[in-house]
Amino acid sequence: RRAPRGSWARQELQVRLEEDADLEWLPQELVLFADGLFQQITSVELAPGASWLGAELVRLGRTAAGEALGAGRWRSDLEIRRLNRDGHSGAWEMVDRLELGGEALADEHGMAGEPVFGSLVWVAPAPLAPAALTALLAAARQERAGLEGSMACGALRQGLVARYRGPSSQ
C-alpha cells in the first residue's frame, strides 16, 4: 500500500584504501527475484599505490525455477577515484552507471534475453606499460574462448574492465 509499484532495496559499499593496499571484492552471485528492484552503489577511493579488483555477478530472475525478472530492475553505480598524495580527490579511474530492466533485457545492446550479467574491474597500483596492458587484454580474451555467453574486455587508464552476459554464472 505504501509503494504500490514496489520499493527499492539498496546496498551501499564505501571503501577507502590506504597507500599500497590491495582489496579483492568478489561477492557471490546476486539473484534478483521476479519484479525485484535492487540498487547497489559502490564508491572506492584509492591512495597512491593501492589497487582494487571488484566484481558483480547478477542473475535476473530465479531461472532454475523458470522465473524471469519481469517488471523488476537492477541498478549499479560504481565510482573509483585515485586520491592524490595529500589524500584529496584526484583522477577518476572509472565511473559506471548501469540499469537492466524493461527493454534492455531483450535488446541486443542490453542483455539479449540472457539471464546473467557479470562485470569485473581491476585498477592496478601503478600505470601499466602499453605493451603489458595489450598483452593482458589479449590473454583475457584468449581465456574466454569457448565459454558460453559473450564477453568484452577493455582497457582503463590504469587497469581493465570485463563484461559478461550469458546463461551461466560459472
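Predicted model: local features only at pLDDT ≥ 70, side-chain atom pairs only at ≥ 80, totals over all residues.

Trainee: Fine. How many helices and strands are in the chain?

Mentor: The chain has one helix and 10 strands. Reading from the N terminus, the order is β-β-β-β-β-β-β-β-α-β-β.

Trainee: And what size of box do the C-alpha atoms fill?

Mentor: Roughly 50 × 45 × 25 Å, taken along the principal axes. The chain has 170 residues, and 38% of them are buried.

Trainee: What share of the contacts comes from residues 24 or more positions apart?

Mentor: That share is 72%, counted among contacts with a separation of 6 or more.

Trainee: Now the open sheet. What is the order of its strands?

Mentor: Its four strands run S1-S4-S6-S7, and the pairing is mixed. Strand S1 (9-17) and strand S7 (89-101) are at the edges. Each of these two has a single partner strand, so one side of each has no neighbour in the sheet. From one strand to the next, the twist averages 5 degrees.

Trainee: How do S6 and S7 pair?

Mentor: Strand S6, residues 73-83, pairs with S7 in the antiparallel sense, over 10 bridges. Glu79 stands opposite Val95 in S7.

Trainee: What sits between S6 and S7 in their hairpin?

Mentor: Five residues lie between the strands of that hairpin, and Gly87 takes a positive phi near 85 degrees there.

Trainee: Let me pick a residue. Which strand holds Gln39?

Mentor: Gln39 is in strand S4.

Trainee: Is Gln39 buried or exposed?

Mentor: Gln39 has a relative accessible area of 14%. Buried means under 20%, so Gln39 counts as buried.

Trainee: What is Gln39 in contact with?

Mentor: Setting aside neighbours within four places in sequence, Gln39 is in contact with Trp8, Ala9, Arg10, Gln11, Arg75 and Asp77. Take Trp8 from that list. Gln39 and Trp8 are 31 residues apart in sequence, while their C-alpha atoms are 6.9 Å apart in space.

Trainee: Next topic, pockets. What is the volume of the largest pocket?

Mentor: The largest pocket has about 560 Å³. It is lined by 23 residues, and those nearest its centre are Leu120, Met151, Ala162, Tyr164 and Gln170.

Trainee: Which elements give two or more residues to that lining?

Mentor: They are strand S5 (51-60), strand S8 (116-123), helix H1 (130-144), strand S9 (150-156) and strand S10 (159-166). By type, the lining of the largest pocket divides into 13 nonpolar, five polar and five charged residues.

Trainee: S9 and S10 are both in that list. How do they pair?

Mentor: S9 and S10 pair in the antiparallel sense over seven bridges. They form a hairpin with two residues between them. The bridge partner of Ala152 in S10 is Arg163.

Trainee: And how much space lies in the second largest pocket?

Mentor: About 280 Å³. Its lining has 20 residues, and the closest to its centre are Trp25, Pro27, Gln40, Ala55 and Glu56.

Trainee: Which element gives the most to that lining?

Mentor: S5 does, with six residues. At least two residues each come from S1, strand S4 (37-46), S5, S6 and S8.

How values were computed: Residues numbered from 1 in each chain as written. Heavy atoms only, no water. Pairing = 2+ DSSP bridges. Axes fitted to C-alpha atoms, helices over the stretch in contact; angles between N-to-C directions. 1 Å grid on protein atoms, 1.4 Å probe; cavity = no way out; pocket = protein on both sides within 12 Å on 5 of 7 lines; lining within 4 Å. Points joined across faces, edges and corners; volume = space filled by probe spheres on them. Nonpolar A, V, L, I, M, F, W, Y, C, P; charged D, E, K, R; others polar. Buried < 20%, exposed > 50% of the residue type's maximum accessible area, 1.4 Å probe, protein only. Contact = heavy atoms within 4.5 Å.
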